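Hello,

The model is pasted below.

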Amino acid sequence: MRRRELMILMGGAAVAWPVAARAQQKAMPVIGYLNTGSPDTNPPLLAAFRQGLSETGYVEGQNLAIEYRWAEGNYDRLPALAADLVGRKVDLIMANSPPSALAAKSATSTIPIVFRSGADPVRDGLVASLARPGRNLTGVSFIADELTAKRLELLSELVPRAGVIALLMNPNNATAERVIRDVQEAARTKGLQLHVLKAGSESEIDTAFASLVQLHAGALVVGADPFLSGRREQLVALASRRAVPSIYAWREFAASGGLISYGPSLTSAFRLVGHYAGKVLKGAKPADLPVQQQTTLELVINLKTAKALGLTIPPSLLQRADQVIE
């Protein structure tokens, strides 16, 4: 009887093993990656997100799958893309910006959402508070929109003769009007004339730059917007072609040939988002994870571009720079 019982047990195990293996394969978590941009924009940011995941033990293709959804700069596509991810029953949604996070929040109240926000997630209605997010959202927040007025001041210091400065904003961003008001107030305080240019597509960016000459704008502030960030190469090339000194939100712009940038590190933020996503996949509840606030800011100056524009960087500005590209 013992031998017979052993054979039955072995046979049962042989049958059960494939079932267990299939169950294990099915249990591989799936992240829905909801991005306002396109696959060819800012690959280092996706790499940073994956790095954060790997630090918590998750590697795409090994024990994790990622479903990518790209809005290609068309924010009105985000609700449908978010709904598609919810319909596929992903285990978590990573939202790369406030518009993505708001679309995901509208699509689900149960699937965890980890976001990256350059605005105030409380004011935008994403979370109840930074310390206690509540519901199914948490993420990483840093000041970016609020720094736009500061960028105007830095640009004015760098180009003191520019009495007319232009501000380029994406009108499709929910925070655009608020940022415009802040920058207009900063311009009035400094006695500067400010022209607001709006662009939500590639062609509109070209049109905005073409109008700089007519407006007699001596410098340009580029808003901290996901779509505009995704058009980094186009913006830097146009600024160079038009010989207009420009300031941007992210160091990637200065590294690509932009004159100056001031803002937090995007790669650090995406890495932190990946780390938080890994924690949630391991069982942590978003409501119990405080929104991480990234407070370190970077001032990057491209000396090569400054020389091409015939600008001399004030020593006071050079001394404050975190990186000078020569």
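The largest cavity has a volume of about 40 Å³. A cavity here is a set of points on a 1 Å grid, over the protein atoms alone, where a 1.4 Å probe fits but cannot get out; a volume is the space filled by probe spheres set on the points, which are joined across faces, edges and corners. With a threshold of 30 Å³ or more, the count is 1 cavity. Its lining consists of Asp145, Met169, Asn170, Asn173, Thr175, Val179, Gly223, Ala224 and Asp225, where a lining residue has an atom within 4 Å of a point. By class that gives 3 nonpolar, 4 polar and 2 charged residues (nonpolar: Ala, Val, Leu, Ile, Met, Phe, Trp, Tyr, Cys and Pro; charged: Asp, Glu, Lys and Arg; polar: the others, Gly among them).

This is a predicted model, in which local features need pLDDT of at least 70 and side-chain atom pairs pLDDT 80 or more, while totals for chains, interfaces and linings use all residues. Residues are numbered from 1 along each chain as its sequence is written, and side-chain values use heavy atoms, without hydrogens and water.

Next, the pockets (open sets of points with protein on both sides within 12 Å along at least five of seven lines). The largest pocket has a volume of about 310 Å³. It is lined by 30 residues, and Thr36, Asn96, Arg116, Pro226 and Phe270 lie nearest its centre. Two or more lining residues come from each of strand S1 (30-35) and helices H2 (43-54), H4 (98-107), H8 (226-230) and H11 (266-281); helices (H or I, at least four residues) and strands (E, at least two) are DSSP runs numbered from the N terminus. The lining divides into 15 nonpolar, 12 polar and 3 charged residues.

The second largest pocket holds about 150 Å³. Among its lining residues are Asp120, Phe142, Glu146 and Gln294, and strands S5 (137-142) and S11 (292-294) each give two or more residues to the lining.

Last, the helix pair. H7 (residues 202-215) and H9 (residues 232-241) pack at about 20°, with axes 11 Å apart; axes are lines fitted to C-alpha atoms over the stretch in contact, and angles run from 0 to 180 degrees between N-to-C directions. H7 is therefore roughly parallel to H9 (angles under 35 degrees). Glu202, Ile205, Asp206 and Phe209 of H7 meet Gln234, Leu235, Leu238 and Ala239 of H9, contact meaning heavy atoms within 4.5 Å.

Regards

Notes. Parallel < 35°, antiparallel > 145°, perpendicular 65-115°, else oblique.
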